[in-house]
2 protein chains.
Amino acid sequence: MSGPQVTLAQGGGGLQMQELIARELVPACDAELGRGLEDAVVLPGAERLVLTTDSYVIRPAIFPGGDLGKLAVCGTVNDLAMRGARPVYLTLGLIVEEGTELELLRTVMRSVAAACAEAGVALVTGDFKVVERDSGDGIFANTAGVGFLRQDPPPSLRRARPGDAILINGPVGQHGVALLAARGELQLQVTVQSDCAPLADLVGAMLKAGGEGVHALHDPTRGGVAAALNEIAEASGVGMEIRERDFPRDAGVDGACDILGLDPLQVANEGKLVAIVAPEVAEAVLKAMRGHQYGAESALIGEVLEGPAGRVSLRTALGTRRIVDPPSGELLPRIC
Amino acid sequence: MSGPQVTLAQGGGGLQMQELIARELVPACDAELGRGLEDAVVLPGAERLVLTTDSYVIRPAIFPGGDLGKLAVCGTVNDLAMRGARPVYLTLGLIVEEGTELELLRTVMRSVAAACAEAGVALVTGDFKVVERDSGDGIFANTAGVGFLRQDPPPSLRRARPGDAILINGPVGQHGVALLAARGELQLQVTVQSDCAPLADLVGAMLKAGGEGVHALHDPTRGGVAAALNEIAEASGVGMEIRERDFPRDAGVDGACDILGLDPLQVANEGKLVAIVAPEVAEAVLKAMRGHQYGAESALIGEVLEGPAGRVSLRTALGTRRIVDPPSGELLPRIC
């Protein structure tokens, strides 16, 4: 008799994944440092070190707007940036399926180098493994990142406060829709590009403008903005309201989501952040964001409320209100 | 027409892997920090940080003497230890195949926690991905490790000098033979256990005894002692002679290697180190090793010579001499 098995839905970035991580993985973590929800951990000591890791299993490895190599650098750089860290060092572990075209490996590594150069991080050590055919799928990558805190206290998912403004740096859903198109899963012609980008420099400009008033930052990757905002609302014990009409839009994303019945708020991004900032710095931070190449379309999309704790609601374009639930399982497997 | 493809042999830890890494991966690395041969990099700055990463794709995930979780902690802890660092923080990235028994994940995570506790490192952050059936193989793990230098200058593959003694902390080949047995690839009954163990505490005792006289440390994993010594000889521009009769022996390993025609010097270890130490501290370091649980069978197995640069030779038990070549490709795929 066979016991319970791991499902694709448990890798989707939603509630099922959070439950599995909390139950099976967190008990092995350090009781003080490793039990938070944050994607990057701030370590004790004068070094003000921040540490993070992510594995990347995206399919296909090359997609409109990026590839596995660019993603593996940007994703980890962004996790450091969301804690207010300046990313400095990166490690890279590759697991390659036997028979993978060497040219794909070369493409990925060129992108790693280019993305490191843009993000200002140094790739300092790595590891290379090969597995048999059908025991992997092309190239899987893992990066770990080391950064140094830019300010103390750093932004944290726990620091959102009632009255804070909710900002976003552009239209949501581009990465997920670009991936669907690249997989041939869209019947329509779509020219949406992934938003994959390193956000550390943008965050640096935001912190310069808003200082400690930048309370929380989160990159809405797997599970999209819906998951990201719910995580902050939950961790900070606050409510949130966001307004559909204030979101920057991408017509290609909107069209694809309409036809497929997807909620753009649940679709993955790789170059977006949501920022929870004190009202008195909101305007300055928004201005700094709009002055940056990765924030030209930034907008104020809502506010943090006293409660109900953990609840995110959306004022629709029609004026109705609905609850933005965190996604449960997996909409799009292997999106990152 | 299809171009060149990645082969299993290129993941084997031998010359083919070194060539691929040097040609395809190193160009993406930081020109100053990331171009060395070491498994862990010492970073500039007052923090005396040491950083390393490894992915683990071992098959089967549970083997005599350990499992994937123990290995993923010990392997990375040992890479830090070989640079003279005290391992402090660990990250963990898991890539799990859809349909993997949840009980395997639980076993692996219990071992991660136990190995972290023994090694004195804190698991501080992680990542969890799921891939479709036949796009992975059970669980792949990646760990990155952060440590702090115990002394400066640290041991380095480049610091071996003519006249140095070559030490080892026990019999070689146990991990590889245990894996072969676990895969059912041995016809004979073998009770060899993997030597998988965290060596940071042993290294701490060695550095205390030998200080800066501990010139180089290397863990003979993929490619075995043959690869490890050749790498040191190459990096330091020295020759080496080791003596077969002075090696500690494991009868189970010897028997299995005889029957399979394997050279124990090329078989992987996961709880062994070779140490290159100044002659004046050799006795003190050896004594410290023998007083440690992971060094009870330690021995002095040879000396560093002026040259020929990069050449390792073996004085056999019969008194003849042969060159110990670094392995080229892959003897045992997915040994770690």
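This is a predicted model: local features need pLDDT of at least 70, side-chain atom pairs count only at pLDDT 80 or more; totals for chains, interfaces and linings use all residues.
Residues are numbered from 1 along each chain as its sequence is written, chains are lettered from A and ligands numbered from 1 in the order in which they are written, and side-chain values use heavy atoms, with hydrogens and water left out.

Let's start with the five-stranded sheet. It is open, has mixed pairing, and runs β1-β2-β7-β5-β6 in chain A. Helices (H or I, at least four residues) and strands (E, at least two) are DSSP runs, numbered from the N terminus, and two strands pair if DSSP finds at least two bridges between them. The edges belong to β1 (40-42) and β6 (122-131) of chain A; each has a single partner strand, so one side of each is left without a neighbour in the sheet. From one strand to the next, the twist averages 15 degrees. Axes here are lines fitted to C-alpha atoms, for helices over the stretch in contact, and angles run from 0 to 180 degrees between N-to-C directions.

Inside this sheet, β5 (residues 85-97) of chain A is joined to β7(A) by eleven bridges, and the two run antiparallel. A:Thr91 stands opposite A:Ala144 in β7(A). Helix α2 (residues 68-82) of chain A packs on the sheet, where it touches β1, β2 (49-56), β5 and β7 of chain A, and its direction makes about 145 degrees with that of β2(A). Contact means heavy atoms within 4.5 Å.

The other sheet has seven strands, in the order β9-β11-β8-β12-β10-β13-β14 of chain A, and is also open with mixed pairing. Its edge strands, β9 (214-218) and β14 (321-323) of chain A, each pair on one side only. Neighbouring strands are turned by 25 degrees against each other on average, direction ignored. Helix α6 (residues 224-236) of chain A packs on this sheet, touching β8, β9, β10 (239-243), β11 (274-277) and β13 (312-315) of chain A, with its direction at about 30 degrees to that of β11(A). Four bridges hold the antiparallel pairing of β8 (residues 165-168) with β12 (residues 299-305) of chain A, and A:Ile168 stands opposite A:Ala299 in β12(A).

**Where the chains meet**

Chain B superposes on chain A by a rotation of 180 degrees with 0.0 Å of shift along the axis, at an RMSD of 0.0 Å. That is the relation of a two-fold axis. The superposition is by least squares on the C-alpha atoms of residues with pLDDT of at least 70 in both copies. Within chain B, B:Gly136 comes closest to the rotation axis, its C-alpha lying at 2.1 Å. The same surface serves both copies: 100% of the contact residues of chain B recur in chain A.

A search of the whole structure turns up one aromatic pair over all chains. The rings of A:Phe140 and B:Phe140 have centres 6.5 Å apart and planes at 50 degrees, so the pair is tilted. The rule takes rings of Phe, Tyr and Trp (its six-membered ring) with centres within 6.5 Å; planes under 30 degrees apart count as stacked, over 60 as edge-to-face and the rest as tilted. The pair crosses between chains, from β7 (residues 139-149) of chain A to β7 (residues 139-149) of chain B. Both A:Phe140 and B:Phe140 are buried; buried means under 20% relative accessible area, exposed over 50%, partly exposed in between (1.4 Å probe, protein chains only).

Most residues other than glycine have a negative phi, and most peptide bonds are trans. The bond from B:Arg59 to B:Pro60 is cis, with omega near 0 degrees, and B:Pro60 lies in the loop between β2 (49-56) and β3 (62-63) of chain B. A:Asp134 has a positive phi, near 70 degrees; it is in the loop between β6 and β7 of chain A and, at 54% relative accessibility, counts as exposed. B:Arg334 also has a positive phi, near 55 degrees, but at 3% relative accessibility B:Arg334 counts as buried.
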